[in-house]
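Subject: Structure handover

Dear colleague,

I am passing the structure below on to you, together with notes on what was found in it. Please keep it open beside this message as you read.

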Amino acid sequence: MIEIDKKQLQILSKACFNCSDSYFQPGHSSLPTIGCCSYSPVISLYEINQMVQQTDRNFFINTIYKNDNCTINDYNIIIHAHVHPLFEEENTDQLSSIEQSDLKLSYSTCQFFKRNKGCSLKPSYKNATCRSFICSTIENQLDIPHQKQLTEWSRSIQLETKTFNDTHQAILKEKGLSLTKNVNAILAYLEDL
């Protein structure tokens, strides 16, 4: 049901290709079922470091940093999912902001999703959420030992990323560097790690 790719430190499941989780169903019958790949990934210093360490600076600059549909923050970049135009036909006036966000998610597709393949990013470029998330529908089908193992794997993936980001964000902040103002200096810093 699930497996861990220890080399890339990611959790995988073939069940994702036939997502049955009600939360991740498309907002309209004409849209494909893509499960949790409706998410807008946040690319952190950890993933940027992976790209730089694999001498893929051009990928980072051209696909992530100069992306037409992203938000660049001081220490991460949000790659916004594509929202299908059918979402604009929905009446969201009576919905709370959380309900509106959930509905919008059901009309969204991650920019890196490829039909019949899943994520098109190199595994080492996926963020911790994408490498560790398994929906409750799959998790609930696991026996207790496998649920515990899943929790441990997920925690390990999240901790590695959080530790790296916290450490290097503090150093970069102290140096007065941010992605919004000093992207080349940050890339040089990461290259020297």
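The chain holds 7 helices and 9 strands, where helices (H or I, at least four residues) and strands (E, at least two) are DSSP runs, numbered from the N terminus. Please bear in mind that this is a predicted model, in which local features need pLDDT of at least 70 and side-chain atom pairs count only at pLDDT 80 or more, while totals for chains, interfaces and linings use all residues. Residues are numbered from 1 along each chain as its sequence is written, and side-chain values use heavy atoms, with hydrogens and water left out.

Along the principal axes, the C-alpha atoms fill a box of roughly 50 × 45 × 30 Å. Buried residues account for 38% of the 193 residues; here buried means under 20% relative accessible area, exposed over 50%, and partly exposed in between, with a 1.4 Å probe and protein chains only. Of the contacts between residues at least 6 apart in sequence, 70% join residues at least 24 apart, a contact being heavy atoms within 4.5 Å.

In soluble globular proteins, nonpolar side chains tend to be buried together.

Helix α1 deserves a separate look, because 8 of its 9 residues are buried, so that it is largely enclosed by the rest of the structure. The buried residues of α1 are L45, Y46, E47, I48, N49, Q50, M51 and V52, and what covers them includes β3 (42–44), α2, α4 (128–132), α6 and α7. Leaving out residues up to four places away in sequence, I48 touches I43, F60, L179, L187 and L190.

L190, which lies in helix α7, counts as buried at 0% relative accessibility. L190 and I48 are 142 residues apart in sequence, yet 8.2 Å apart in space, C-alpha to C-alpha. Not counting residues up to four places away in sequence, L190 is in contact with L45, I48, N49, V52, Q53 and F164.

T55, in the loop between α1 and α2, has a phi near 45°, a positive value in a residue other than glycine, and counts as exposed at 72% relative accessibility. L9, in the loop between β1 (3–5) and β2 (10–12), likewise has a positive phi, near 50°, and is partly exposed, with a relative accessible area of 21%. T92, in the loop between β6 (82–83) and α3 (97–105), is buried, with a relative accessible area of 18%, and, leaving aside its neighbours within four places in sequence, it touches F87, Q100 and L103.

With best wishes
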